[in-house]
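The sequence and the structure come before the description.

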Amino acid sequence: MTPAGGGAPATPGAAGSAVGRPRRILLGVCGGVAAYKSADLVRRLRERGHSVRCALTPTAVRFVSPLTLEVLSGHPVFGEEYLEPGRAGDEEHIAAAAWAEVLCIAPGTAHMISTLALGLAPNFLSTLALAFRGPVVVAPAMHSAMWEKPALQENVERLRRSGVTFVGPESGALASGEVGLGRLADAQAIAAACEGSFQSLTLAGLTVLISAGPTQEPIDPVRYLGNRSSGKMGFALAAEAARRGAHTVLVAGPVALATPPGVERIDVRTAREMEEAVRRHAGAADLIVMAAAVADFRPAVYETEKIKRHAGTPEISLVANPDILASLATLAPRALRVGFAAESTLASDEAARKLAAKGAHFLVANDISRSDIGFGAEQNEVTIFGRETDSETLSRRPKSAIASALFDRFEVRLAELSSAAEAGRESGSGRS
Ligand code: PMT
């Protein structure tokens with residue numbers, strides 16, 4: 001599949017067989033060139049055993065024939081132009097919403113995404129979406145300039161926060177002839193996302209410990225050594241862990257961010273306070289992600305009174321702070337341990353050295369020399385280095401989407417660690 005381009009990673013069933021039981025999928029088709037691909041999507045969904053009904057917006061009808069979708073789905077299509085004669089239109093969208101177990105909007109246009117984000121209902125499909133209570137999957141398709149527009153990304157974020165799953169868009173040739181991020185995701189990836197939307201509590205029963213934000217190392221009562229971390233990346237990770245059902249503990253340095261729903265938050269200021277909080281929870285954690293930008297050094301002496309300017313320029317000597325991540329291999333040997341690396345560049349051999357030095361399973365590197373990602377930015381682009389896996393780059397996208405893609409990878413590794421532990425128990429050797 002296309003992890004690097006923004007789509008979901010390969011999942012069981014992505015090659016053509018359904019995950020879970022067959023579902024009733026309502027496919028909402030919006031008006032864009034990619035609407036013609038909805039015909040193939042209907043076929044793929046039906047091949048996987050699902051029942052499919054289609055609802056078309058008035059513009060979609062100009063790109064794909066309702067008759068085609070009717071024949072392929074085996075059902076009449078929904079839409080304002082196809083309301084059953086003699087039946088009140090305002091009942092039909094309720095009936096359609098009640099029939100569906102999952103609403104899949106593919107292709108999702110910028111207009112439809114923003115309409116859903118604002119809770120508007122200008123046409124049959126958006127009215128149906130408002131009335132629908134189950135999982136919603138959106139597969140966007142549009143020109144990359146439209147997809148990247150901050151106003152649209154804010155609406156995508158808003159929908160993600162309310163639980164909508166986005167699959168894609170992917171990079172490649174666009175209808176304009178240009179190449180960029182904006183192509184409709186592969187039909188099998190969309191089908192897998194629809195099936196996966198019923199399995200969202202994938203971390204239920206597990207404990208995830210995350211650190212976020214900067215640390216502040218006080219020099220005197222008013223001054224400190226700190227860094228530019230806003231905490232956004234770590235908070236996005238915590239929100240994703242909680243959304244997947246994990247008991248989530250977030251150790252946060254000083255940041256101005258609201259606690260994500262369902263997250264247990266511990267506020268700290270210094271590296272040593274962060275170390276103490278992380279140590280307290282590490283033993284119970286199945287997964288630990290150190291996204292915090294921990295100060296490596298602190299002033300050797302804390303001046304209890306504000307240092308006066310007239311006393312001359314002070315010399316501040318520094319001492320090393322504890323390396324929290326490195327200590328976790330001993331404290332939490334059974335947990336999956338992940339570090340972040342704030343680097344301008346990170347070569348594979350350097351990443352391997354850092355992975356070993358930190359005793360981590362994964363290192364997620366972000367380029368801090370760029371202003372559009374990393375420190376303080378709404379978006380990030382990361383390269384994941386693993387002990388036993390090739391590096392993989394996740395292209396620039398909102399930090400919530402990076403968090404989601406990272407957890408997809410962490411879950412695969414957690415499952416491997418769990419199987420290895422099980423095998424170890426069976427052979428009587430235990431997991432190391
Ligand atoms: O917070 P945002 O504004 O959203 O920005 C996100 C981020 C850029 C801060 C984040 O994605 C990131 O890169 N965090 C790690 C920053 C960092 O401290 O990198 P490092 O290369 O110095 O440290 C490597 C790893 O060791 C990190 O997981 C760090 O948490 C950990 N560490 C570092 C020093 C220390 N004394 N103890 C540690 O545990």
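## Sheets, ligand and local geometry

Strand β8 (residues 207–212) and strand β13 (residues 287–290) run parallel and are joined by four bridges. Strands here are DSSP runs of E of at least two residues, helices are DSSP runs of H or I of at least four residues, and both are numbered from the N terminus. Two strands count as paired if DSSP finds at least two bridges between them. Within this pair, V208 has L287 of β13 as its bridge partner.

The model is predicted: local features need pLDDT of at least 70, side-chain atom pairs count only at pLDDT 80 or more, and totals for chains, interfaces and linings use all residues. Residues are numbered from 1 along each chain as its sequence is written, and side-chain values use heavy atoms, with hydrogens and water left out.

**The eight-stranded sheet.** β8 and β13 belong to an open sheet of eight strands with mixed pairing, in the order β12-β11-β8-β13-β16-β17-β18-β19. β12 (263–267) and β19 (392–398) are at the edges; each has a single partner strand, so one side of each is left without a neighbour in the sheet. From one strand to the next, the twist averages 20°. Angles run from 0 to 180 degrees between N-to-C directions, and axes are lines fitted to C-alpha atoms, for helices over the stretch in contact.

Helix α9 (residues 232–243) packs on this sheet and touches β8, β11 (247–252), β12, β13, β16 (336–343) and β18 (379–386). The direction of α9 makes about 165° with that of β8. Contact means heavy atoms within 4.5 Å. Helix α13 (residues 399–427) lies across β8, β13, β16, β17 (362–367), β18 and β19, and runs at about 145° to β19.

Helix α10 (residues 271–282) has 12 residues and reaches 16 Å from its first C-alpha to its last, close to the 16 Å expected at 1.5 Å a residue. The expected span is 1.5 Å times one less than the number of residues. The buried residues in α10 include A271, M274, E275 and H281. Buried means under 20% relative accessible area, exposed over 50%, and partly exposed in between, with a 1.4 Å probe and protein chains only. The cover over the buried residues of α10 includes β8, β9 (217–218), β11, β12, β13 and α11 (324–331).

**The ligand.** The ligand is surrounded by 26 residues, of which the closest are S229, S230, M290, N366 and G376. A residue counts as near if one of its heavy atoms lies within 4 Å of the molecule. The table gives polar contacts, which are pairs of N or O atoms within 3.5 Å; within protein, one must be able to donate a hydrogen and the other to accept it, and residues adjacent in sequence count only if both atoms are side-chain atoms.

| Residue | N or O atom in | Distance to a ligand oxygen atom |
|---|---|---|
| K354 | side chain | 2.7 Å |
| N366 | side chain | 2.6 Å |
| G376 | backbone | 2.7 Å |

**The five-stranded sheet.** Another open sheet has five strands in the order β2-β1-β3-β4-β5, with parallel pairing. Its edge strands are β2 (51–56) and β5, each of which pairs on one side only. Six bridges join β1 and β2 in the parallel sense, and V29 stands opposite L56 in β2. Helix α1 (residues 38–47) packs on the sheet against β1, β2 and β3, and its direction makes about 175° with that of β1. Helix α8 (residues 187–196) also packs on the sheet; α8 touches β1, β3 and β4, and its direction makes about 150° with that of β3.

R23 lies in the segment before β1 (24–29) and counts as buried because its relative accessibility is 17%. Not counting residues up to four places away in sequence, R23 touches H50, S51, E101 and F198.

M142 is in the loop between β4 (136–140) and α6 (144–148) and is buried, with a relative accessible area of 11%. The C-alpha atoms of M142 and A110 are separated by 7.2 Å, although the two residues are 32 residues apart along the chain. Beyond four places in sequence, the contacts of M142 include G108, A110, W147 and L181.

**Backbone features.** Most peptide bonds are trans. The bond from A106 to P107 is cis, with omega near 0°, and P107 is in strand β3 (residues 102–108). G168 and P169 are also joined by a cis peptide bond, with omega about 5°; P169 is in the loop between β5 (165–166) and β6 (170–173).

β6 and strand β7 (residues 179–183) pair in the antiparallel sense over four bridges, with V179 in β7 as the bridge partner of A173. The two strands form a hairpin with five residues between them, and G177 in the turn has a positive phi of about 100°.
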